[in-house]
Amino acid sequence: MEAPAVGRFRILALLTIWLVQLAVPGAIASYSIGVGRADATGPAAEIVFMGYAKIDQKGSGIHLRTFSRAFIIDDGEERFVFVSVDSAMIGDGVRQTVLQNLEKEFGSLYTEKNVMISATHSHSTPGGFMLHMLFDITTFGFVQQTFDAMVKGITKSIQRAHYDIVPGRIFITHGEVHGVNINRSPSAYLNNPKAERDKYKYDVDKIMTQIQFIGADNKRLGVINWFAIHPTSMNNTNHLLSSDNVGYASILFEKIMNNDSLPGKGQFVAAFASSNLGDVSPNTRGPKCEFSGDNCSEQYTCPRKKEMCFASGPGKDMFESTSIIANKIFKESWRLWQYGDAKEVIGPLRVVHRYVNMVEQTAEYYNETTKRTETVRGCEPAMGYSFAAGTIDGPGSFSFEQGTTTANPMWNAVRNLLAAPTTDDVKCHGAKPILLATGRMRIPYDWQPKIVATQVALIGNVVIAGVPGEFTTMSGRRLREAIKTVMNDASDDETSVIVAGLCNTYSDYITTPEEYQIQRYEGASTIFGPHTLTIYLKQYQELVTSAILKKDVDPGPTPLDLRKKNLLTFVTPVLFDTPKWGKNFGDCIKQPPKLAKPGDIVSAVFVAGHPRNNLMTERSYLTIERLSDDEIWVPVATDASWETKFQWQRTSMVLGSSQVTITWQVPEDIKAGEYRIRHNGYYRYILGGIFPYYGVSNHIQVIPSGLSCCKRLYYE
């Protein structure tokens, strides 16, 4: 039975739609719609980034702040929330804490059934929030600040969407983006049946799917763009927190729609969400030996032992590459927004959710080799040897290589000290030589999940399948086809199926059974064995069928709540800060030039406290300010802006001293005038307490590019 509070919301939603249709001639509101955005930026210094598993890749500043973007759809009977957050992935602990926060305010309106949280998969965000040991071990354990920042950002974005709900309409359109993505495991892709590959022109998806949210009064509310690409333009040498290519694309879209507001501000919300990005790289120059520039071998190795096979491009460095990729993705999304052949989405909303213990699942699989149907099953989680080799986006350590299908006795001996796989595990995982038997590892607590969240939302003839991991290109294509089969049996309308990646739970990769046999990084990281995808195809067909028939589904087993464990952390706290001798916090110890023109890079250095003293949520560690005509300093850029960089550096470990360098590339379209750089921060006093400070630079006179030398003297 529906809770009274929830029932009142349903009545209110229907009443609001009805009233608007009466008040606005010609308005036909199909749904109630809400959009919201909030800052989710975690600690910017001395926390290892999540994604590349590189323990020396600790943050030391900010390139772009990260945000959570929420979208609410209500048809008067059911409500659905989709969240896209600039993060490497989502864990059960984060999601459950968000839901508990929402329950305190909204009762049973928002639950695990109707809230879908998707990560963009940026590899340049702080880690320590996943709780499962394998994911947090490289970040030196659990990091409370990272966890809290994500939870608060996601919660706040949903709250803002909730309180901004208005009657509206939904439209869907599709486009193509070229020159931004390549398949980083082509040999695995080629192991899929030729007849299947021949259906598709490319070995990665070029399709962008866009959903537009328009108010009944024709006010533009928000947009979600799903596109398959890894946010790994920022490589594993980066130490500045960043939302990477898709995050910057969001900023570009929102900047136009919000009348050049500062990033993270304004009512319009634009998300670029993850899809089946598992084997898709943005580094379009492809793999090269990192020092010599020679081509890599077919196994993506280099002749020199210490030389990694590394992919980059298309720019001269990772910042330019990020910008190029982001702009190309944004331009297609903007074209779709303005000129795309968008079709209105109408029809009932249905959302279903089920937890699945993958180890206990079975499914039917037609074996092309034997021409027989077999019953297959899920395996205990395990990572293969090629997992340790990494990818061309971020190579691993030691001498591991992708494509390894035989075990090494030495590494097996090391593995067995942690947990030895059983004979059944080895048989179940087949082509994968097990490097880490994570399903058997319990010390100090579970290393990987066995129970995952599966979820589907039907909005008219649009299906959003929230998947708990990284589907490869062909895995995503098979999932779409499997869902379309069910939908086509129930309706004559054309169905659009969206694979929403990295939702609710993270369980690594999902390859096709054929790709799995090649055991590249993605296959080695398909943790439930060769038929992980086979099981998911069955699961999602069942979910879609239940949604169509409006049948309740078994909620499934409850995941282990690792929040109740004594979570390990080896991250050293900030004990105290002291300023440089003879200086105060906020003092500018290196001034920017007095004159600058568009395109110039100017910087200032300030005596600083540790950034972890205050995350400056919804604020900024820096502002670029312009002196207005009425003598007021007005912010024109923050640490969320593309043209700035905030770089923190320790100057004395013993004294706890540090400094920040703020860099600003003067935009080409800047208005001439007087500017300054401001630093905002907090310091921790040695006797206790955290206190604010700020500092400002000397003034910078920004002049037009074409101004002559003689006219420059006038400003001096």
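Me: What volume does the second largest cavity have?

Reply: Rolling a probe the size of a water molecule over the atoms shows where empty space is left. In this predicted model, the second largest cavity has a volume of about 50 Å³.

Me: Which residues line the second largest cavity?

Reply: Its lining consists of Ile-251, Glu-254, Lys-255, Asn-258, Ser-261, Leu-262, Pro-263, Gly-264 and Lys-265. Sorted by class, the lining of this second largest cavity comprises three nonpolar, three polar and three charged residues.

Me: How many cavities of 30 Å³ or more does the structure hold, and what is the volume of the largest cavity?

Reply: There are five cavities of 30 Å³ or more. The largest cavity has a volume of about 80 Å³. Its lining is made up of 13 residues, of which Ala-40, Thr-66, Asp-86, Thr-125 and Met-150 are the closest to the centre.

Me: Which elements each supply at least two residues of that lining, and what is its make-up by class?

Reply: β7 (125-126) and α4 (144-163) each contribute at least two residues to the lining of the largest cavity. By class, this lining has six nonpolar, six polar and one charged residues.

Me: Let us turn to the backbone. Where is a cis peptide bond found?

Reply: Most residues other than glycine have a negative phi, and most peptide bonds are trans. Here, a cis peptide bond joins Gly-313 and Pro-314, with omega about 10°. Pro-314 lies in the loop between β15 (309-312) and α8 (318-339). The bond from Ile-443 to Pro-444 is also cis, and its omega is near -5°. Pro-444 belongs to the loop between β23 (434-436) and β24 (451-459).

Me: What is the phi of Phe-140, and is this residue buried or partly exposed?

Reply: Phe-140 is not a glycine, yet it has a positive phi of about 65°. This residue sits in the loop between α3 (133-136) and α4. Phe-140 counts as partly exposed because its relative accessibility is 32%, and the partly exposed class begins where the buried class, under 20%, ends.

Me: What is the phi of Asn-504, and is Asn-504 buried or exposed?

Reply: Asn-504, a residue other than glycine, has a positive phi near 70°. The loop between β27 (496-500) and β28 (509-510) holds Asn-504. With a relative accessible area of 0%, Asn-504 is therefore buried.

Key
Residues are numbered from 1 along each chain as its sequence is written. This is a predicted model: local features need pLDDT of at least 70, side-chain atom pairs count only at pLDDT 80 or more; totals for chains, interfaces and linings use all residues. Side-chain values use heavy atoms; hydrogens and water are left out. On a 1 Å grid over the protein atoms alone, a cavity is a set of points where a 1.4 Å probe fits but cannot get out, and a pocket is an open set with protein on both sides within 12 Å along at least five of seven lines; lining residues have an atom within 4 Å of a point. Grid points are joined across faces, edges and corners, and a volume is the space filled by probe spheres set on the points. Helices (H or I, at least four residues) and strands (E, at least two) are DSSP runs, numbered from the N terminus. Ala, Val, Leu, Ile, Met, Phe, Trp, Tyr, Cys and Pro count as nonpolar, Asp, Glu, Lys and Arg as charged, and the others, Gly among them, as polar. Buried means under 20% relative accessible area, exposed over 50%, partly exposed in between (1.4 Å probe, protein chains only).
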